[in-house]
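Reader: I would like to learn how to read domains, interfaces and helix packing in a model. Where do we start?

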Amino acid sequence: MFEILTRRQALGAFAVAACVLTPVAVRAEDVVKIGVIVPMTGPSASTGREIEAAIKLFQAQKGDKAGGKKVEVIFKDDTGVADITKRLAQELVVNDHVAAIAGFGLTPLALAAAPIATQAKIPEIVMAAGTSIITEASPFIVRTSFTLAQDTVPLADWALNNGIKKVVTLVADYGPGIDAEKAFVEKIKAGGGQVLDSLRAPLKNPEFAPFLQKAKDLKPDALFLFVPSGQGAQLMKQVAEREFAKDNIKVIATGDVTDDEQLNGMGDSVLGMITSMMYSTAHNSPENKAFVAAFEKANPTMRPNFMALGGYDGMALFYAALEKTKGDTDGAKLVDAMKGMAWMSPRGPISIDPQTRDIVQNVYIRKVERRDGQLYNIEFETVPAVKDPVKAAKAGK
Amino acid sequence: MTDATATDSRSGTDRAMIYFAERARWRGPEVALWIGAFALAFLFPSRALLFNEVAILALFALSLDLVLGYAGIVSLGHGAFFGLGAYAAGLLAKAGAGAAPLSDPTLGLLFAALVCAAVGYVTSFLVLRGSDLTRLMVTLGVALIFQEIANRMAWLTGGADGLQGVAPANILGMFEFDLYGRNAYLYSLTVLMVLFVFARKIVHSPFGISLRAIKGNSLRAGAIGIPVNRRLNGAYTLGAAYAGVAGALLAQTTAFVSLDVLDFHRSADVMLIVVFGGVGTLYGAVVGAAAFKAMYDVLAAATPQYWEFWLGLVLVLLVLFVRGGVMGLLGAFYARLQRVGGRP
């Protein structure tokens, strides 16, 4: 068959092949891929949707170029199941050659992917999961969400300063819940307060009524709550039925319970509730106003919550790291570039702690109020630059 | 048996033996299927991780087919044994800290099989106490109890955060679990094939045939002298051990165990797969698992948010319009092909 080709034909064929193949080769060189693994179906689907929307918004606003490279995002749905998360992470590494993996809606999912990040030497940007230990699972993990202890300790301080002496805690029985309980109980006890009981409700299909009744019977000054975002509405409905206010029991919680995405559906019973969190849709800053307006314009039925912020800032961090390495995608260099990075996020000033690779950020004490016909968490106190208390305590020992 | 005529001079027993031998014979497409499965590892190395999941799911479905398709025990809690096997192998590998002998994968499989067989045997007495609906509830209840125990024993299982530090040693002391997942797939597939051949032997053995008799009519089976309950105990125990090995494979190849291995959706998925592939055919489990994962992979890549809708639709259509699942469909096609080919 080759004999039949004339020299001219051969040259022509070569030229065509060169034209077709070269741009592909150049393009492959200039594309940096980041794999985002989040639950988009199943019970934690809202986490995935918020993160996806935020990342798309970020790329729409800032373009798809960073450090001279085109950034391509690949979304994967792990349905909230850890072994699927792990496989998807592995496939993204070996098939798509991603420069980083990101997302991770729940603690076990982030932990399942940790060995892959270590083995492949690429950054794992945790955008949602909130247990302290996560960043210790691999030297390549960087977090842009929050830790439960980080949100909880300022709330315990607030409680002590506001005459709350006796408390009962009720948390979801898994990593983040136990972190929140420990942080709250330790702080209250250290401040001379009294913990009457620490209750834990199962994570899956919880029935809160018996726990709430028990808490009420103990007559504390305040009941502290934590459940993961998504279960807040169900919990608050049962809290409302118990009428804690009649017995002068304050109900306080981490911001997961009054998740901005669900808050409007909870009704007037949550009005006045005190929570602590690193982000509220109502955060009063020009950066946040622009962010919320753009987010709601792109997604008319959604309200950005703290999960969206984790995704948005995770992308900002990845872009900034790529700029700093001038497009070098070496995992260790990217993680080094991320350490100590500080910038202004819609949630306020944030930075990555160079020692722990965990996020350092303001935590706000908020109160649920009605504004323009809608419910919002209105911030009234700011605790600046909070580090993860669990790791800070370890470092102090 | 339509070709057995009245003029046949052989005795009834002989004819029955020939019939069963014929049924147990290996056929061409079966051999091709297994060779093809091994070839996949080299043809599509980039998808080895997905194939690994298929192999594990196929083994799990096979274990349910033994219980459901042959012994006729309807179980909605088969995931309990899958999860138990995963934790057994995971904890053993963790105890060995990545070094033989404790972290040896083969030992892990044996250990998981033994633990699950023991628990399966004990719970089989509970399961046999009722009829279908009761069994459904009992199996479901047992699975829920296991999940809650694993959740409560967080000091051992890691609770809702999952079991960390599962580090299996190299397979047979030689092959490492690589990042591409090829060795993991070949390992899981080999285990699947060995156990499949064994299951095939069992269902064609007198034990397996007596199970079919029990499934057909347990009163009559008892009347002709088959020890019904003992046989069912045995089948349930065997199914539990198989499910445990599947769980152990998952723990070893992902080096991680989360509470999710005991979740209800595992039991429900595997039931779907067996029904989808064809109940009581053994191959239905393998084909069903492959089809289920393939559909998931294609649909989830195309529409990450709505793949469950399409999966549901396909399943409903298949159950409505195809009798005997995929294997029923293939069987009808094969019979037609032979008729067209002019062979008897």
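Author: With domains. Domain bounds come from an automatic or database domain assignment. This is a predicted model. For chain A, the assignment gives domain 1 (27–146 + 285–357) and domain 2 (149–277 + 363–396). The C-alpha centres of these two domains of chain A lie 27 Å apart.

Reader: How many residues of domain 1 of chain A are in contact with domain 2 of chain A?

Author: Contact is judged between C-beta atoms, with a limit of 7 Å. By that test, 15 residues of domain 1 of chain A meet 17 residues of domain 2 of chain A. On the domain 1 side, helix 2 (45–62) and helix 11 (306–324) of chain A each supply at least two residues. By class, that side has 4 nonpolar, 8 polar and 3 charged residues.

Reader: Now a single residue. Is A128(A) buried or exposed?

Author: Count neighbours. A residue is buried if 20 or more other C-beta atoms lie within 10 Å of its own. A128(A) has 32 within 10 Å, so A128(A) is buried. It lies in the loop between strand 5 (124–126) and strand 6 (141–143) of chain A.

Reader: Which residues does A128(A) touch?

Author: Leave out residues up to four places away in sequence. A128(A) then touches T47(A), I51(A), F104(A), G105(A), S145(A), M307(A) and G310(A). Sequence distance and spatial distance can also be read together. A128(A) and T147(A) are 19 residues apart in sequence and 9.3 Å apart in space, C-alpha to C-alpha.

Reader: What covers the buried residues of helix 13 of chain A?

Author: Find the buried residues, then see what lies over them. In helix 13 (residues 389–396) of chain A, P389(A), V390(A) and K391(A) are buried. Their cover includes helix 5 (148–161) and helix 6 (175–190) of chain A.

Reader: How many residues does each chain give to the contact between chain A and chain B?

Author: Read each side separately. Chain B gives 22 residues and chain A gives 27. Helix 3 (48–70) and helix 11 (228–254) of chain B each supply at least two residues of the chain B side. That side divides into 9 nonpolar, 9 polar and 4 charged residues.

Reader: Next, helix packing. At what angle do helix 3 of chain B and helix 8 of chain B cross?

Author: Roughly 20°, and their axes come within 8 Å. Angles under 35 degrees count as roughly parallel. Helix 3 of chain B is therefore roughly parallel to helix 8 of chain B. The crossing of helix 3 with helix 8 of chain B is left-handed. Among the residues making this contact are F51(B), L59(B) and Y70(B) of helix 3 of chain B, and R182(B), L192(B) and F196(B) of helix 8 of chain B. The contact between helix 3 and helix 8 of chain B divides into 18 nonpolar, 2 polar and 1 charged.

Reader: And at what angle do helix 3 of chain B and helix 13 of chain B cross?

Author: Here the axes of helix 3 and helix 13 (residues 283–302) of chain B cross at roughly 140° and come within 8 Å. These two helices of chain B are therefore oblique to each other. The crossing of helix 3 and helix 13 of chain B is right-handed. Helix 3 of chain B contributes residues including E53(B), L57(B) and D65(B), which meet a set in helix 13 of chain B that includes G284(B), K293(B) and D297(B). By class, this contact of helix 3 with helix 13 of chain B has 10 nonpolar, 2 polar and 4 charged residues.

Technical notes: Residues are numbered from 1 along each chain as its sequence is written. Chains are lettered from A and ligands numbered from 1 in the order in which they are written. This is a predicted model: local features need pLDDT of at least 70, side-chain atom pairs count only at pLDDT 80 or more; totals for chains, interfaces and linings use all residues. A residue is buried if 20 or more other C-beta atoms lie within 10 Å of its own, exposed if 12 or fewer, and partly exposed in between; C-beta atoms are placed from the backbone. Helices (H or I, at least four residues) and strands (E, at least two) are DSSP runs, numbered from the N terminus. Two residues are in contact if their C-beta atoms, placed from the backbone, lie within 7 Å. Ala, Val, Leu, Ile, Met, Phe, Trp, Tyr, Cys and Pro count as nonpolar, Asp, Glu, Lys and Arg as charged, and the others, Gly among them, as polar. Axes are lines fitted to C-alpha atoms, for helices over the stretch in contact, and angles run from 0 to 180 degrees between N-to-C directions. Angles under 35 degrees count as roughly parallel, over 145 as roughly antiparallel, 65 to 115 as roughly perpendicular and the rest as oblique. A crossing is left-handed if the near helix is turned anticlockwise from the far one by less than a right angle, and right-handed if clockwise.
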